[in-house]
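Look over the sequence and the model, then work through them in turn.

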Amino acid sequence: TKRVKIEDTARIHDRELLEAAEILREGGLVAFPTETVYGLGANALDEAAARKIYEAKGRPSDNPLIAHVADPEDVEALVEYIPENGRKLMEAFWPGPLTMIFPKSPAVPYGTTGGLDTVAIRMPSDPVANRLIALAGVPVAAPSANTSGRPSPTTADHVWQDMNGRIDMIIDGGPVGIGVESTIVDVSCRIPTVLRPGAITMEMLREVLGEVKIDPAILGPMGADVKPKAPGMKYKHYAPKAELTLVEPAEGQGEDAAAVERMILRVNELAKEKLAAGSRVGIICTDESRDRYEGGLVRSIGARAKKETVAHNLYAVLREFDDLKVDYIYSESFSEDHLGQAIMNRLSKAAGYHIERV
Ligand code: TXA
Ligand code: MG
């Protein structure tokens, strides 16, 4: 696996990306930065190339890939038609952390869409991603560049840990900006439906579209009757190796000072019990609460008052606890409005919906 470092992401030279673009055109695999997480790219129109992605990640082949484009014009060839709501969202949020589901055109192979008649498309805003896709001259299928089941990579080193020896090249563009995967909205149905929450929040979508639904499967543990519409959301994603427990205030209590105080006390209590029994314990807290913990490996995930910092550090903290080989992780939780919804979706899944109410 060749590693290429982009010297200055504010001033990208095409020569830094030409070899990567060539690899993509010829059916190889290149990991590259986007504004959300690092992606593992292959030519989306080449079924054999898409198959290599599944092999490198150890990903189930019914889990469809997102096709990344460099220009909104590139969508036309990939879809049956662009619904009105899709157009509105492209105008409002592209380039950016928003993926849309469209009815696919015959040009997109079923090997890319996991056998579905729809295709997921996103135009990233990251300049390295955008230039690479443009130079490749083909839509680039790219899931997150992690081994299936591990937290998504937010640095080139994370990609290296999972993919070294399995892919042709890693483009290192430094740490990503956002840190959680794109929002996915199905615009192929009458009422647009969010299949995965992300940095384009429910509030932002409603401002543009009015009525927006959320796939019930992403709000809680899945019963036999609730199947997520995004096949990937059914797997136990984002899983750390340790057993993670989320401590959450009782429903509707938000994160006011009293609720936060109860969470801190309970996390301390749970950690002490396991420490006394000789286990290795990790604690996920915030900048505001860091000084309140008395034992275990304490890591701040960011500032409660600035949710972007929490999203940004989330996966790196989970990976760090994997490296530290802790047995148990206890985490504070966050209110589910705005970006908090994406954060809590990822944390709840990492915890396997193991949640303690206080
Ligand atoms: O931010 C992102 O979206 C990153 C970067 C690299 O762009 N990519 C990413 O891809 O998160 P991945 O493969 O890790 O997640 C794609 C999700 C999966 O849950 C998959 O099931 C869903 O999108 N998906 C893809 N195509 C779909 C379709 N046609 N219908 C429903 N869900 C789809
Ligand atoms: Mg993923």
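Q: Which residues is E181 in contact with, leaving aside its neighbours within four places in sequence?
A: This is a predicted model. E181 lies in the loop between β8 and β9. Leaving aside neighbours within four places in sequence, its contacts are T36, V37, S152, R196, P197, G198, Y238, Y315 and R346.

Q: Is E181 buried or exposed?
A: Buried means under 20% relative accessible area. E181 has 4% relative accessibility, so E181 counts as buried.

Q: With which side chain does the side chain of E181 make a polar contact of 2.5 Å?
A: The side chain of E181 has a polar contact with the side chain of R346, at 2.9 Å. The polar contact at 2.5 Å is with the side chain of S152.

Q: Where does S182 lie?
A: S182 is buried, with a relative accessible area of 2%. Not counting residues up to four places away in sequence, S182 touches T36, I66, P97, L98, T99, R122, R196, P197, G198 and R346. Its place is the loop between β8 (169-172) and β9 (183-186).

Q: Which side chain does a polar contact of 2.7 Å join to that of S182?
A: Among the residues that S182 touches are T99 and R122. The polar contact of 2.7 Å runs from the side chain of S182 to that of T99.

Q: Which residues does UniProt list for "binding site"?
A: The listing comes from an unreviewed UniProt entry.

Q: Why do they gather at one spot?
A: In sequence they span 147 residues. Yet they gather at one spot, because no two of their C-alpha atoms are more than 12.7 Å apart.

Q: In which strand does H68 lie?
A: H68 counts as buried, at 3% relative accessibility. Leaving aside neighbours within four places in sequence, H68 is in contact with R122, P124, I133, P139, V140, A141 and A142. H68 belongs to residues 66-68, which form strand β4.

Q: Which backbone oxygen does the side chain of H68 reach?
A: H68 lies in strand β4. At 3.1 Å, its side chain reaches the backbone oxygen of I66.

Q: How many residues surround ligand 1?
A: The closest are T36, N63, H68, S182 and G232. The number of residues surrounding ligand 1 is 28.

Q: What distance separates an oxygen atom of ligand 1 from a backbone N or O atom of G232?
A: A polar side-chain atom of R122 lies 3.1 Å from an oxygen atom of ligand 1. For a polar backbone atom of P231, the distance to an oxygen atom of ligand 1 is 3.3 Å. For a backbone N or O atom of G232, the distance is 2.6 Å.

Q: What share of the area that ligand 1 exposes when taken alone does the protein bury?
A: Taken alone, ligand 1 exposes 680 Å². Of that, the protein buries 99%.

Q: Which residues does T201 touch, not counting residues up to four places away in sequence?
A: T201 is in the loop between β10 (193-196) and α7 (202-209). T201 is buried, with a relative accessible area of 6%. Not counting residues up to four places away in sequence, T201 touches H338 and L339.

Terms used. Residues are numbered from 1 along each chain as its sequence is written. Chains are lettered from A and ligands numbered from 1 in the order in which they are written. This is a predicted model: local features need pLDDT of at least 70, side-chain atom pairs count only at pLDDT 80 or more; totals for chains, interfaces and linings use all residues. Side-chain values use heavy atoms; hydrogens and water are left out. UniProt positions are given in the numbering used here, feature names are shortened, and annotations may be inferred rather than shown by experiment. Helices (H or I, at least four residues) and strands (E, at least two) are DSSP runs, numbered from the N terminus. Buried means under 20% relative accessible area, exposed over 50%, partly exposed in between (1.4 Å probe, protein chains only). Contact means heavy atoms within 4.5 Å. A polar contact is a pair of N or O atoms within 3.5 Å; within protein, one must be able to donate a hydrogen and the other to accept it, and residues adjacent in sequence count only if both atoms are side-chain atoms. A residue is near a molecule or strand if one of its heavy atoms lies within 4 Å of it. Accessible areas come from the Shrake-Rupley method with a 1.4 Å probe; for residues, only the protein chains shown count as cover.
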